[in-house]
Amino acid sequence: MSVRTIGVVMNGVTGRMGYRQHLVRSVLAINEQGGVTLSDGSRVKLRPVLVGRNAAKLAELAERHGIPDHTTELDAALADPDNLVYFDAQVTSARVKAVLKAIEAGKHIYAEKPTAESVEEAVALAEAATARGVKNGVVQDKLFLPGLLKLKRLIDGGFFGRILSVRGEFGYWVFEGDWQEAQRPSWNYRAEDGGGIVLDMFPHWHYVMENLFGKVRSVYAQAVTHVPRRVDEKGHPYQATADDAAYGVFELEGGVIAQINSSWTVRVNRDELVEFQVDGTEGSAVAGLRNCRVQHRAATPKPVWNPDLPVTARFRDGWQEVPDNAEFDNGFKIQWELFIRHVLEDAPFPYDFAAGARGVQLAELGLRSSAEGRRIEVPQL
């Protein structure tokens, strides 16, 4: 079968996520396997065109991976008719302007989330892409994690009966940057630069809830800045103006209640950095990034509350591992392949800019809920 090559403009690959997950583990990995396989059996390889502000960093990445095309001129990359796709992994504050340029140039757009800093801008991007007739998609990688794929399998198989509630715990301790280097860039903690855990994580939680459990009907959130002073990459102290933890309660369609804690100021006492416990009338499950454990109704123990006696039951021993039953590829790579098929042969791809706008909307309403101290209904976009 024939093999064709299409150009993919990749903006923001000098950052950790853009480099590791999107360039190396997705685009280059796709080429190493021979390309994306289309429905007719033909294959498509991706020619990355690296774009960024730092010419030296781009040149170093290009040399490291044998990539001939790199530039600091986005307009020039967009002007090349062989470049069909534009991908954006820049900081959020720079995304809208660049994506609008790519839409105007007629490129199909794939972007990291959040697609914008405000729901108004996110909706405008979705409308602009539709008006221009370009395919568009937003990264929703957690849907393709092994743990959540197993959870989806349980839902589709009716394991839970009627789902009652979802409890999510996400986070880890991000060092302040003084006596140990921080694991996240300092802009994450400056609201003026598009930082904050609500804007970062609520779009994730939105697509997880929407795709697995139901549309979000209301939100009550408390966003806080637990660590107000941090040290940046150059060793300079700065004031953290963005939230570093958020505690949310979400009402979903069908009466499901989801509680999700997100924090960069928590020390991990769980098996994985993110875990979701789902409780239903017939059974429960706890899913993380890779693993998923279940407890069926028939195997549920009968605890009795008695604070005067020590607990002798080992509750975690009563849970069973869900088998893989499949080979799990990198979640980012899987979604890249889906988007390329969507662009070239109109294969289904529901994770579009409209879905991205709904994620931004939830973040915006979560911050508003926190500021006003009340539950807020989520209008349907």
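Helices and strands here are DSSP runs numbered from the N terminus, where a helix (H or I) has at least four residues and a strand (E) at least two. With that in hand, let us walk through the structure together. This is a predicted model, in which local features need pLDDT of at least 70 and side-chain atom pairs count only at pLDDT 80 or more, while totals for chains, interfaces and linings use all residues. Residues are numbered from 1 along each chain as its sequence is written, and side-chain values use heavy atoms, with hydrogens and water left out.

Start with the whole protein. It contains 9 helices and 18 strands. Its radius of gyration (taken over C-alpha atoms) is 22 Å, close to the 21 Å that the globule rule gives for 381 residues, so the protein is as compact as a globular protein of that length. That rule is 2.2 Å times the number of residues to the power 0.38. Along its principal axes, the C-alpha trace spans about 75 × 55 × 40 Å. The protein exposes about 18,200 Å², and carbon and sulfur atoms supply 50% of this area; accessible areas come from the Shrake-Rupley method with a 1.4 Å probe, and for residues only the protein chains shown count as cover.

Next, see how the chain divides. The domain assignment gives domain 1 (3-140 + 330-350) and domain 2 (143-326 + 360-376); such bounds come from an automatic or database domain assignment. Taken over C-alpha atoms, the centres of domain 1 and domain 2 are separated by 28 Å. Where the two touch, the contact (heavy atoms within 4.5 Å) takes 18 residues from domain 1 and 15 residues from domain 2. Among contacts between residues at least 6 apart in sequence, 70% join residues at least 24 apart.

In an unreviewed entry, UniProt lists residues 50-135 as "domain: Gfo/Idh/MocA-like oxidoreductase N-terminal". This span is 51% helix and 16% strand, and its end C-alpha atoms lie 21 Å apart. The unreviewed entry also lists residues 149-285, as "domain: GFO/IDH/MocA-like oxidoreductase". Over residues 149-285 the chain is 18% helix and 36% strand, with its end C-alpha atoms 13 Å apart.

Now look inside. A residue is buried when its relative accessible area is under 20%, exposed when over 50%, and partly exposed in between (1.4 Å probe, protein chains only). Of the 381 residues, 52% count as buried. In soluble globular proteins, nonpolar side chains tend to be buried together. A nonpolar core is a set of buried Ala, Val, Leu, Ile, Met, Phe, Trp, Tyr and Cys residues joined through side-chain atoms within 4.5 Å. The largest such core has 81 residues, and L151, F202, F213 and F250 have the most contacts inside it. Helix α7 (residues 197-212) gives the most to this core, with 10 residues. The core also draws at least three residues from each of domain 1 and domain 2. A second, separate core of 24 residues includes V51, A98, V119 and L125.

Which residues does F213 touch, leaving aside its neighbours within four places in sequence? Its partners are L151, I155, I163, V166, V208, L252, E253 and V278. Helix α7 also holds H206, which is buried, with a relative accessible area of 6%. Setting aside neighbours within four places in sequence, H206 contacts V216, A355, R358, G359 and L362. H206 and R358 are 152 residues apart in sequence, but their C-alpha atoms are 7.6 Å apart in space.

Finally, some loops deserve a visit. Most residues other than glycine have a negative phi, and most peptide bonds are trans. In the loop between β6 (108-111) and α5 (119-132) you will find P114, joined to K113 by a cis peptide bond with omega of about -5°. N325, in the loop between β17 (320-321) and α8 (331-345), has a positive phi of about 60° although it is not a glycine. At 63% relative accessibility, N325 counts as exposed. D346 sits in the loop between α8 and α9 (353-372), and its phi is positive too, near 60°. With 53% relative accessibility, D346 counts as exposed.

Conventions
UniProt positions renumbered as here; feature names shortened; annotations may be inferred.
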